[in-house]
Amino acid sequence: MTVSFVLNGKTVQVTAEEGANLLWTLRERLQLTGTKYGCGASHCGICTVHMDGKPIKACVTPLAAVEGKAITTIEGLSKDRSHPLQVAWIEEQVPQCGYCHSGQIMQAASLLDKNPSPNRKEIIEHMNGVLCRCGTYLRILKAIEKTIQNA
Ligand code: FES
Ligand code: FES
């Protein structure tokens, strides 16, 4: 099958086997390895990307489902790590091993896109479900709140 979609602002056409999914197409066919594989079963949120501005889990998204859609990955959030969330993430030294953080940032970005000043409860609710085995949750919260304050 051939699927056409907008990826980080550019139209792409990908030919792949039936049943291909978005995560492995991004990582292996398109060399966008910022999106990580965690559980592969919609449990951890580490593979989060945006589809038409909403967070989705790439590991359980069939490639066919993105036909005509706009997909944004961590590589498309900014060209040079200058997105306000990325700036705050660096300032607050949020990551530990770092593995979960493209998913964390994409999840946070989807919140601030629709609500630029969420309260702490709204942030926690929205971020719930993107897991961090290193337990960096407090620094994630601090970086999101810093992003809001800096806006
Ligand atoms: S890898 Fe997709 S939700 Fe865990
Ligand atoms: S920083 Fe290691 S899993 Fe989140």
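Trainee: Which residues lie nearest the centre of the largest pocket?

Mentor: This is a predicted model, in which local features need pLDDT of at least 70 and side-chain atom pairs count only at pLDDT 80 or more, while totals for chains, interfaces and linings use all residues. Residues are numbered from 1 along each chain as its sequence is written, chains are lettered from A and ligands numbered from 1 in the order in which they are written, and side-chain values use heavy atoms, with hydrogens and water left out. A pocket is an open set of points, on a 1 Å grid over the protein atoms alone, where a 1.4 Å probe fits and protein lies on both sides within 12 Å along at least five of seven lines, and its lining residues have an atom within 4 Å of a point. The largest pocket is lined by 15 residues, and those nearest its centre are Ile74, Gln86, His101, Ser102 and Ile105.

Trainee: Which elements each supply at least two residues of that lining of the largest pocket?

Mentor: By class, the lining of the largest pocket holds 6 nonpolar, 5 polar and 4 charged residues, where Ala, Val, Leu, Ile, Met, Phe, Trp, Tyr, Cys and Pro count as nonpolar, Asp, Glu, Lys and Arg as charged, and the others, Gly among them, as polar. Helices (H or I, at least four residues) and strands (E, at least two) are DSSP runs, numbered from the N terminus. The elements that each give at least two residues to the lining of the largest pocket are α2 (74-77), α3 (84-91) and α4 (101-114).

Trainee: Which element gives the most to the lining of the second largest pocket?

Mentor: The lining of the second largest pocket includes Gln104, Ile123, Met127 and Tyr137, and two or more of its residues come from each of α5 (120-127) and α6 (137-150). By class, this second lining has 9 nonpolar, 3 polar and no charged residues. With 4 residues, the element that gives the most to the lining of the second largest pocket is α6.

Trainee: With which residues is serine 78 in contact, leaving aside its neighbours within four places in sequence?

Mentor: Serine 78 sits in the loop between α2 and α3, and at 14% relative accessibility serine 78 counts as buried (buried means under 20% relative accessible area, exposed over 50%, partly exposed in between, with a 1.4 Å probe and protein chains only). A polar atom of the serine 78 side chain lies 3.0 Å from the backbone nitrogen of arginine 81. Contact means heavy atoms within 4.5 Å, and, with neighbours within four places in sequence left aside, the contacts of serine 78 are with His83 and Gln86.

Trainee: What is the length of the polar contact that joins the side chains of serine 78 and glutamine 86?

Mentor: Glutamine 86 lies in helix α3, and glutamine 86 counts as buried because its relative accessibility is 9%. Not counting residues up to four places away in sequence, glutamine 86 touches Ile74, Leu77, Ser78, Arg81 and Ile105. A polar contact is a pair of N or O atoms within 3.5 Å; within protein, one must be able to donate a hydrogen and the other to accept it, and residues adjacent in sequence count only if both atoms are side-chain atoms. For the side chains of serine 78 and glutamine 86, the polar contact has a length of 2.6 Å.

Trainee: What is the length of the polar contact between the side chains of glutamate 91 and lysine 146?

Mentor: Glutamate 91 belongs to helix α3 and is partly exposed, with a relative accessible area of 45%. Glutamate 91 and lysine 146 are 55 residues apart in sequence, yet their C-alpha atoms are 9.5 Å apart in space. The polar contact between these two side chains has a length of 3.0 Å.

Trainee: Why is the aromatic pair of tryptophan 24 and tyrosine 37 assigned to its class, and which class is that?

Mentor: A search of the whole structure finds 1 aromatic pair. Rings of Phe, Tyr and Trp (its six-membered ring) pair if their centres lie within 6.5 Å, and planes under 30 degrees apart count as stacked, over 60 as edge-to-face and the rest as tilted. The centres of the rings of tryptophan 24 and tyrosine 37 are 5.2 Å apart and their planes are at 45 degrees, so the class is tilted.

Trainee: Which residue caps the N-terminal end of α1?

Mentor: In α1, Leu22, Leu23, Thr25 and Leu26 are buried, and among the elements that cover these buried residues are β1 (2-7) and β2 (10-15). At the N-terminal end of α1, a side-chain oxygen lies 3.3 Å from the backbone nitrogen of leucine 23, and the capping residue that carries this oxygen is asparagine 21.
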